[in-house]
Amino acid sequence: NVDPEMIQCVFLASNEVSKISPLTDEQASAPEKYGVLENFRLRTLPVIGTIPAIFGQTMATWVICELGNKPFAPAPMNGMGNNLKNKFYQRLRRRDLANNP
């Protein structure tokens with residue numbers, strides 16, 4: 001008797017950035033020797049990157065908001081252009097230099 005409205009979910013709605021690297025002939029002949037986990041496909045780590053950490057932070061943020069009775073309202077973020085990335089980088093660099101001469 002679980003109320004489906006009480007189930008929370010974290011998901012990622014983005015396209016993949018890179019493809020999984022092909023297996024070498026040696027890996028293809030004995031994949032069980034090269035997997036990180038049993039029955040887990042090879043070559044997933046370069047694709048996953050930092051996603052597990054981001055999901056963990058998202059879930060922790062939700063819990064903290066729930067405990068503090070504050071709404072959790074994440075906003076979707078579209079890809080940043082190079083100019084905006086550079087602007088943020090320069091701001092962070094200036095702040096870092098000001099705080100750590």
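A polar contact is a pair of N or O atoms within 3.5 Å; within protein, one must be able to donate a hydrogen and the other to accept it, and residues adjacent in sequence count only if both atoms are side-chain atoms. The model described here is predicted, with local features requiring pLDDT of at least 70 and side-chain atom pairs pLDDT 80 or more, while totals for chains, interfaces and linings use all residues. Residues are numbered from 1 along each chain as its sequence is written, and side-chain values use heavy atoms, without hydrogens and water.

The protein chain has four helices and zero strands. Helices (H or I, at least four residues) and strands (E, at least two) are DSSP runs, numbered from the N terminus. Along the sequence the pattern reads α-α-α-α. Confidence is given as pLDDT, the predictor's value for each residue, from 0 to 100. Its mean over the protein chain is 79. A value of 70 or more is reached by 82% of the residues. Among the elements, helix α4 (residues 82–99) has the highest mean, 88. Helix α2 (residues 45–48) has the lowest, 54. Where pLDDT is low, the predicted coordinates should not be read in detail.

Of the 101 residues of the protein chain, 5% count as buried. Buried means under 20% relative accessible area, exposed over 50%, and partly exposed in between (1.4 Å probe, protein chains only). The accessible surface of the chain comes to about 9,600 Å². Carbon and sulfur atoms hold 57% of that surface. Areas follow the Shrake-Rupley method with a 1.4 Å probe; for residues, only the protein chains shown count as cover. Contacts (heavy atoms within 4.5 Å) were also counted. Of those with a separation of 6 or more, 31% join residues 24 or more positions apart.

Helix α1 (residues 25–29) contains Q27. Q27 counts as buried because its relative accessibility is 13%. A polar atom of the Q27 side chain lies 3.0 Å from the backbone nitrogen of T24.

Helix α3 (residues 51–67) contains W62. T61 is found in helix α3 too. T61 has 37% relative accessibility and therefore counts as partly exposed. A polar atom of the T61 side chain lies 2.8 Å from the backbone oxygen of Q57. T61 and P74 are 13 residues apart in sequence, with 9.9 Å between their C-alpha atoms. W62, at 27% relative accessibility, is likewise partly exposed. Leaving aside neighbours within four places in sequence, W62 is in contact with Q8 and F72. Q8 is 54 residues from W62 along the chain, yet their C-alpha atoms are separated by 9.3 Å.

The loop between α3 and α4 holds N69. N69 is exposed, because its relative accessibility is 69%. Phi of N69 is near 55 degrees, a positive value in a residue other than glycine. M80 lies in the loop between α3 and α4 as well. With a relative accessible area of 30%, M80 is partly exposed.

M80 also belongs to a nonpolar surface patch, together with M77, L84 and F88. The accessible area of the four residues is about 360 Å² together. Patches are made of residues with over 30% relative accessible area and no salt bridge; like charges are joined within 9 Å and nonpolar side chains (Val, Leu, Ile, Met, Phe, Trp, Tyr) within 5 Å. A salt bridge is a side-chain nitrogen of Lys or Arg within 4 Å of a carboxyl oxygen of Asp or Glu.
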